[in-house]
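Have a look at the structure first, then work through the points below.

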Amino acid sequence: MKNKSILVTAPSGAGKTTLVKKLLEEFPDFQFSISATTRDARSNEIDGKDYFFITNEDFEHKIAQDAFLEWEEVYNGTKYGTLKSEVEKIWDNKHIVIFDIDIMGALKLKKLMCQDILSVFIAPPKFEVLEERLRSRKTETEEKIQTRINKAKDEMKFHNFFDHKVVNDDIDEAYAKLKSLVVDYLG
Ligand code: 5GP
């Protein structure tokens, strides 16, 4: 089990966070890599659990300290980064790391990790469905929703760079497929 990782990536709104949460509930050996971000916490989010919510200044400081395995300005002015310290802590605990990160960051991470890594791209069924999902979250303004949709359209082109693609038409079916990939990977 040493140094195993599972990387789940997707265009925003494809449902990857729900799928990752389901994996974490079912597999006690898995631990979520908590990223740092400069965005504000949503009302249902907890600092140190969902993300480390930090200032732009702190984020820049961490970049200078080489504290990130990868980081991206995922949306204009909003940065997200995978902390080396998180991954090391998880491996030290003999757990398997789960990454839930954007596609550009995932491409970087996949290249960087010489270790064993399973990478899964979650695709939304149709853009209308993606749009509806983003809207139903009621956490973003209309402008932000449009930015996310345009970005998602571009990102769909990258699915071939990952080991597997799972289409999230139906959450239970998508989870069953993801789980079987994970079980195969763990041997
Ligand atoms: P949200 O703001 O909806 O939580 O996340 C926006 C996007 O940033 C999602 O696609 C999420 O997976 C991604 N993300 C979260 N943490 C990281 C990270 O550490 N690095 C990168 N590159 N993307 C991340």
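Two strands count as paired if DSSP finds at least two bridges between them. With that in hand, here's the rundown on this predicted model.

**The open sheet**
- Five strands make up an open sheet in the order β2-β7-β1-β8-β9, and their pairing is parallel.
- The edges belong to β2 (30-32) and β9 (164-167); each has a single partner strand, so one side of each is left without a neighbour in the sheet.
- Going from one strand to the next, the twist averages 25°.

**Where β2 meets β7**
- β2 and strand β7 (residues 96-101) run parallel and are joined by three bridges.
- Within that pairing, Gln 31 sits opposite Val 97 in β7.

**Helices on the sheet**
- Helix α1 (residues 16-26) packs on the sheet and touches β1 (5-9), β2, β7 and β8 (117-123).
- The direction of α1 makes about 165° with that of β7.
- Helix α3 (residues 84-92) also packs on the sheet, with β1, β2 and β7 as the strands it touches.
- For α3, the angle with the direction of β7 is about 150°.

**The β5-β6 hairpin**
- Strand β5 (residues 68-75) pairs with strand β6 (residues 78-83) over six bridges, this time in the antiparallel sense.
- Trp 71 has Gly 81, in β6, as its bridge partner.
- Two residues lie between β5 and β6 in this hairpin.
- Look at Gly 77 in the turn: its phi is positive, at about 80°.

Methods:
Residues are numbered from 1 along each chain as its sequence is written. This is a predicted model: local features need pLDDT of at least 70, side-chain atom pairs count only at pLDDT 80 or more; totals for chains, interfaces and linings use all residues. Side-chain values use heavy atoms; hydrogens and water are left out. Helices (H or I, at least four residues) and strands (E, at least two) are DSSP runs, numbered from the N terminus. Axes are lines fitted to C-alpha atoms, for helices over the stretch in contact, and angles run from 0 to 180 degrees between N-to-C directions. Contact means heavy atoms within 4.5 Å.
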